[in-house]
Structures are given as structure tokens and as C-alpha cells.
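Thanks for making the time this morning. I would like to walk you through one model, so please have a look at it first.

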Amino acid sequence: MPEGPEIRRMVDDIAAAVAARPAARVHFAFARLKPMETRLAGRRVTSVEARGKAVLVFFAARDDDGPWCVYSHNQLYGQWRIGPADRAPETRRQLRFAIVAGERAARLYSASDIRVLRPDALASVPYLARLGPDPLNETVDDAALTAQLTEPRFAGRALGGLLLDQAFVAGIGNYLRSEILFLAGVHPKRTPATLTSTERAHLVAAIRTLIERAYRLKGITNDPERARRLADAGHSFSARRHMVFGRAGQPCPVCNGAIEKQRVASRRLYLCPACQPASPLAAS
């Protein structure tokens, strides 16, 4: 499943293709949404936004009919494709939603969670209603992220599972989880309640740094200078992309110890046992 940075980059691409232009055609695959095709066609796409792992496409008001928004969530299999208006990509995927504007089109394949609603009704979408702070798509200060760590419903949960909960912090997925915990020097079994104030500050900084870095560097969470050195040495993108994720048995970039792979919350997680001690006492 794409994580927040990948969704945000896709939103940038969708906006570049169709935003600030009238939609010549709008297509929905689902019968319940077909009446909205003619209702949205001809309206200007005012903006395209990301909320966590969801995409929002806003359409301007027209005549006596107010603005609309198309909400979609890629879930596991959804995929956006940007291309020429007159030529759909060759794919066996099923087209679910499309906007054609000028010479470009944005097409969403395979996704099943698509809704059309008024912008002021977005809070009624269950996924959006439960989202936590979204550092990549809204203004979120360190105090807000720290407050999440002390929130009673989160404080007693192991961070290895908690970081995947979109109600905690929006946009974090599996690779970001491993990388955030490693950069913060925190073991996945630790809970927010056991963290020292210094550890909380390191975790907040790691969340902010790595979400932004993964967006800016197209999925790279490794230290940018280290990633550049590895690229100059001829290493592949996958070999230089992450600090620990996907690198079981390889040396830790900090202490040179062996990186381990575990299953946490039914998904693979990577860590350095030396840099991320399980005991709060050892971490102090």
C-alpha cells in the first residue's frame, strides 16, 4: 500500500495534469455515481489534495449547484495513472474514476472506496474522521505530535503497532515505521508511556524528518549524503533507499551490527538491536 509521501507525490502529478482546468469529461465505473458524470463535467477542478493516504479532487460550484469533492482511497490495489486524454494506458486493471481536462487525463484504477460529496461533508467519511495529525499535508507543530504520545488511548500501546494506526499520525506505513523507530533509537516494543522526554523529542523529530524526506526524495529515507555516496559507488536504488528497512542481515549504518527482521502487527519490521534497545533502562 502506498504511504503518505507516495500519495502526496501522486497528488502533485494529478494536480499538474487537471487542476485549474475545466473537466471536459468525468467517468465513474460504479452505477451509483454515474449521475454525477454530467453534473461534474464542465466544472473547473479547483484543487487536488492528500489527506493521509486519501486523495481529494475538488470541483467548483456551477450555476446554482455548489462545489463537490471526489474522495478516493487507494487501499491495497488502487493506482492512479496520468497520461494523454485520448489514450488510456494498456493495463488489465479496471478503470474506476477518470478526469479528462484539456490534453491530459488522470485515471484511477482498481480502487473501490470512491465517494462524491460536498466539501463541508468530508468529516463524515470514516477514514478522514479518524485521521490523526498529518504533518505532510497540514500545519502540525511538534507540540501536537508530542500530545499524541501522551494521549491515553495511545500511551500504553507498543510503538511497532501504533505507528501504523492512522489515528495516531496520518501517512505512516510499513517502511516509514521501521525507519522512524531506527532514527529515533526506539525499540518497537516500547510504549509512549515508557519514553523519556528526550526520547519523545527524538521520536517526534524522526516522524517529521522522515515523512518529509521520503516525499522530497521520492521514497528515500536514508541519510541523503549517505544515499549520494552509495549512488556514486554504483549501488542500486533499493540498496541505497533505506537505513534498515529491507536490509536484514546487513550492517547497521550507525554501529555496524547486524540488522534484524521481525513480524510486528502482522507485517515485517526491521531494526538494529544495539541501536534500539528494548529496555527503557538501557535506553536512558
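This is a predicted model: local features need pLDDT of at least 70, side-chain atom pairs count only at pLDDT 80 or more; totals for chains, interfaces and linings use all residues.

Let me begin with helices H7 and H8, whose crossing is right-handed, meaning that the near helix is turned clockwise from the far one by less than a right angle. Residues are numbered from 1 along each chain as its sequence is written, and side-chain values use heavy atoms, with hydrogens and water left out.

H7 covers residues 174-184 and H8 residues 197-216, and they pack at an angle of about 135° with their axes 8 Å apart; the axes are lines fitted to C-alpha atoms over the stretch in contact, and angles run from 0 to 180 degrees between N-to-C directions. The pair is therefore oblique, the class left over once under 35 degrees is roughly parallel, over 145 roughly antiparallel and 65 to 115 roughly perpendicular.

Which residues of H7 meet H8? Among them are Tyr175, Leu176 and Ile180, and on the H8 side the list includes His202, Leu203 and Ile207, where contact means heavy atoms within 4.5 Å.

Turning to H9, residues 224-232, its N-terminal end is capped by Asp223, with a side-chain oxygen 3.1 Å from the backbone nitrogen of Glu225. Just after H9, Gly234 takes a positive phi of about 90°.

Finally, the whole protein has 11 helices and 10 strands, which are DSSP runs of at least four residues (H or I) and at least two (E), numbered from the N terminus.

Terms used
A polar contact is a pair of N or O atoms within 3.5 Å; within protein, one must be able to donate a hydrogen and the other to accept it, and residues adjacent in sequence count only if both atoms are side-chain atoms.
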